[in-house]
Amino acid sequence: MSWLILMLSGVCEAVWATALGKSAGFSRLVPTVVFLVALAASMAGLAFAMRGLPIGTAYAVWVGIGAVLTVVYAMATGSEPVSLLKVLFLLGIVGSVVGLKLVH
């Protein structure tokens, strides 16, 4: 259960990071509200997952999932360019996250 919550929390991290960028310094209401809700959910999920997982592993997986999904979303929407090297490095992060799960 901790791993599932951690993965969902990582998704929420990508949501709040993206909403933060779209909030224009908290001057736009909807992205700011999405940021706050996703941030609270992400932190709560991370805290819950850390009760059953080592802190270092949980944090690394949480950050990895959030970072990869944030960049993938930005590339998919055209706000960030796609490059072969970028995709390879993102796959490296995904591989590292999977590796941490396998050795846990």
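The model is predicted, so local features need pLDDT of at least 70 and side-chain atom pairs count only at pLDDT 80 or more, while totals for chains, interfaces and linings use all residues. Residues are numbered from 1 along each chain as its sequence is written, and side-chain values use heavy atoms, with hydrogens and water left out.

**Exercise 1.** Find what span helix H2 reaches from its first C-alpha to its last, and which of its residues are buried.

*Solution.* Begin with the helix itself, where helices are DSSP runs of H or I with at least four residues, numbered from the N terminus. H2 covers residues 29–49, which makes 21 residues. The expected span is 1.5 Å times one less than the number of residues, and the 30 Å that H2 reaches is close to the 30 Å expected.

Next, sort residues by relative accessible area, for which buried means under 20%, exposed over 50% and partly exposed in between, with a 1.4 Å probe and protein chains only. The buried residues of H2 are Pro 31, Thr 32, Phe 35, Ala 38, Ser 42, Gly 45, Leu 46 and Ala 49. Seen down the axis of H2, these buried residues fall within an arc of 165°, so they line one face of the helix; the arc is that of the directions from the helix axis to the C-beta atoms. Leu 29 and Val 37, on the other side of H2, are exposed.

**Exercise 2.** Decide how the rings of Phe 26 and Phe 35 are arranged, and then those of Tyr 59 and Trp 62.

*Solution.* Apply the rule that rings of Phe, Tyr and Trp (its six-membered ring) pair if their centres lie within 6.5 Å, with planes under 30 degrees apart counted as stacked, over 60 as edge-to-face and the rest as tilted. The count comes to three aromatic pairs. For Phe 26 and Phe 35 the centres are 5.4 Å apart and the planes at 50°, so the pair is tilted. Phe 26 is partly exposed at 47%, whereas Phe 35 is buried at 9%.

For Tyr 59 and Trp 62 the centres are 5.7 Å apart and the planes at 35°, so this pair is tilted. Tyr 59 is partly exposed at 45%, whereas Trp 62 is buried at 4%.

**Exercise 3.** Locate Leu 88 and state how far it lies from Leu 102.

*Solution.* Leu 88 lies in helix H4, residues 84–103, and is partly exposed at 46%. Leu 88 and Leu 102 are 14 residues apart in sequence and 21 Å apart in space, C-alpha to C-alpha.

Conventions. Helix = DSSP H or I, 4+ residues; strand = E, 2+ residues; numbered from the N terminus.
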